[in-house]
Amino acid sequence: MELKHAILGLLSTRSASGYDLAHAFEGSVAHFWHADRSQIYRTLDRLSGAGTSRQRWCDRTASPNAKCTP
């Protein structure tokens, strides 16, 4: 399986940032599959470029946990 498939699987359940996805990997599959944040962000960029996912920009300068509005 490729990283893009794992990311799409996670995104199919809810919207998530690269930061959120990195934490999801650390909390679930990190013991057998390591994906660092740079890999995740590059893959998200490719998925968006291919039309497989959409990007939404959020201002998280106040807090990385700030909720984004649609």
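Which residues of α1 are buried? They are L3, A6 and I7, where buried means under 20% relative accessible area, exposed over 50% and partly exposed in between (1.4 Å probe, protein chains only). This is a predicted model, in which local features need pLDDT of at least 70, side-chain atom pairs count only at pLDDT 80 or more, and totals for chains, interfaces and linings use all residues. Residues are numbered from 1 along each chain as its sequence is written, and side-chain values use heavy atoms, with hydrogens and water left out.

**Helix α1**
- L3, A6 and I7 are the buried residues in α1. They cover an arc of only 100 degrees around the axis, which puts them on the same side of α1; the arc is that of the directions from the helix axis to the C-beta atoms.
- The buried residues of α1 pack against α2 and α3 (contact means heavy atoms within 4.5 Å).

**Helix α3**
- Helix α3 spans residues 37-49; helices are DSSP runs of H or I with at least four residues, numbered from the N terminus.
- Buried in α3 are I40, T43, L44 and L47. Their arc around the axis is only 105 degrees, which puts them on the same side of α3.
- Exposed residues R46 and G49 lie on the face of α3 turned away from its buried side.
- The cover over the buried residues of α3 includes α1 (3-11) and α2 (18-28).
- After α3 comes G51, with a positive phi near 85 degrees.

**Core**
- The largest nonpolar core has 10 residues: L3, A6, I7, L21, A22, F25, A35, I40, L44 and L47. At least two residues of this core come from each of α1, α2 and α3.
- A nonpolar core is a set of buried Ala, Val, Leu, Ile, Met, Phe, Trp, Tyr and Cys residues joined through side-chain atoms within 4.5 Å.

How values were computed:
Expected span 1.5 Å × (residues − 1).
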